[in-house]
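Colleague: I have a model open and would like to learn how to read its side chains. Can you take me through the features one by one?

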Amino acid sequence: EVSKDFRIAMKLPAQHRRLYGTIGDVSFTQKNVLQGTFTITNQCSDNSNIQIGQAYIGELKATFRGLNIPRSCWKGKEIIAYQGLKLQNDSFEDILLGHYFIDSAKWSKAGVVVTAYDSMSKFDKNIHLTASSGTIYDYTVLCCEACGVEFGLTKEEVSKFPNGGAT
């Protein structure tokens with residue numbers, strides 16, 4: 001959800017945006033990102049065809065510079081990124097772009113080139129379940145535990161889905 005002021009600012013011919021966030025416990029701003037390198041894409045984990053059980057994974061790519069992070073400490077760090085839009089009252093309204101985990105960090109003359117993925121990438125693996133009965137909630141919790149991801153819904157919330165009570 002965004003405010004009415006945000007929707008108005010989106011329609012203005014000139015917009016002022018800002019980018020900021022953290023990598024681990026180190027803060028960054030758009031000054032630490034090489035211009036034109038910050039991208040986020042969402043893609044199917046196997047783009048050859050769509051199959052049941054595939055995950056859409058968010059990928060963040062950027063080139064960072066001027067951050068005090070030791071060379072050996074980038075991999076696995078969490079990136080939390082926000083983008084803000086300046087409103088007509090000169091304040092900013094910020095939108096969370098997501099949480100990503102660094103998969104690779106390569107050094108170049110321009111800076112540290114990072115590729116990071118969201119938690120959905122943890123679901124891109126085969127899981128062998130031995131349970132023969134249960135609800136959608138039970139199976140989802142088992143999958144989340146096997147992949148090291150916290151499930152964000154309660155059993156009651158899942159039961160409200162059209163197939164939430166199916167076994």
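Modeller: Start with the salt bridges; there are 3 in the structure. A salt bridge here is a side-chain nitrogen of Lys or Arg within 4 Å of a carboxyl oxygen of Asp or Glu. Keep in mind that this is a predicted model: local features need pLDDT of at least 70, side-chain atom pairs count only at pLDDT 80 or more, and totals for chains, interfaces and linings use all residues. Residues are numbered from 1 along each chain as its sequence is written, and side-chain values use heavy atoms, with hydrogens and water left out.

Colleague: What is the general idea behind such a pair?

Modeller: Side chains of opposite charge can pair when their charged atoms come close. Take arginine 18 and aspartate 94: their side chains meet in a salt bridge, 2.7 Å from N to O. This pair links distant parts of the chain, with arginine 18 in strand E1 (residues 17–23) and aspartate 94 in strand E6 (residues 92–107), 76 residues apart. Strands (E, at least two residues) and helices (H or I, at least four) are DSSP runs, numbered from the N terminus.

Colleague: Why does arginine 18 count as partly exposed?

Modeller: Because its relative accessibility is 31%. Buried means under 20% relative accessible area, exposed over 50%, and partly exposed in between, with a 1.4 Å probe and protein chains only. Aspartate 94 also counts as partly exposed, at 28%.

Colleague: Which residue forms a salt bridge with aspartate 103?

Modeller: Lysine 75 does; the closest N and O atoms are 3.8 Å apart. Aspartate 103 lies in strand E6, and lysine 75 in the loop between strand E4 (56–64) and strand E5 (78–86), so the pair ties together parts that are 28 residues apart in sequence. Lysine 75 is exposed at 59% relative accessibility. Aspartate 103 is partly exposed at 38%.

Colleague: And where does aspartate 90 lie?

Modeller: In the loop between E5 and E6. The side chain of aspartate 90 meets that of lysine 86 in a salt bridge, 3.9 Å from N to O. Aspartate 90 is exposed, at 56% relative accessible area, while lysine 86 is partly exposed at 31%. Look at the backbone too: aspartate 90 has a positive phi of about 70° although it is not a glycine.

Colleague: What is isoleucine 79 in contact with?

Modeller: Contact means heavy atoms within 4.5 Å. Leaving aside neighbours within four places in sequence, the partners of isoleucine 79 include Ile23, Phe28, Leu60, Phe64, Ile102 and Val114.

Colleague: Is aspartate 118 buried or exposed?

Modeller: Aspartate 118 is buried, with a relative accessible area of 16%. Find it in the loop between E7 and helix H2 (136–147). A polar atom of its side chain lies 3.1 Å from the backbone nitrogen of methionine 120. Beyond neighbours within four places in sequence, aspartate 118 is in contact with Ile57, Gly58, His99 and Tyr100.

Colleague: How do I read aromatic pairs?

Modeller: A pair of aromatic rings is described by the distance of the centres and the angle of the planes. Rings of Phe, Tyr and Trp (its six-membered ring) pair if their centres lie within 6.5 Å; planes under 30 degrees apart count as stacked, over 60 as edge-to-face and the rest as tilted. The count comes to 4 aromatic pairs. The rings of tyrosine 20 and tyrosine 82 have centres 5.2 Å apart and planes at 15°, so this pair is stacked. Tyrosine 20 is in strand E1 and tyrosine 82 in strand E5, 62 residues apart.

Colleague: What about phenylalanine 28 and phenylalanine 64?

Modeller: They form an edge-to-face pair, 5.1 Å centre to centre with 70° between the planes. Phenylalanine 28 is buried at 1% relative accessible area, and phenylalanine 64 is buried at 1% too. Ring pairs link Phe28, Phe64 and Trp74 into a cluster.

How values were computed
Polar contact = N/O pair within 3.5 Å; in protein donor to acceptor, adjacent residues only side chain to side chain.
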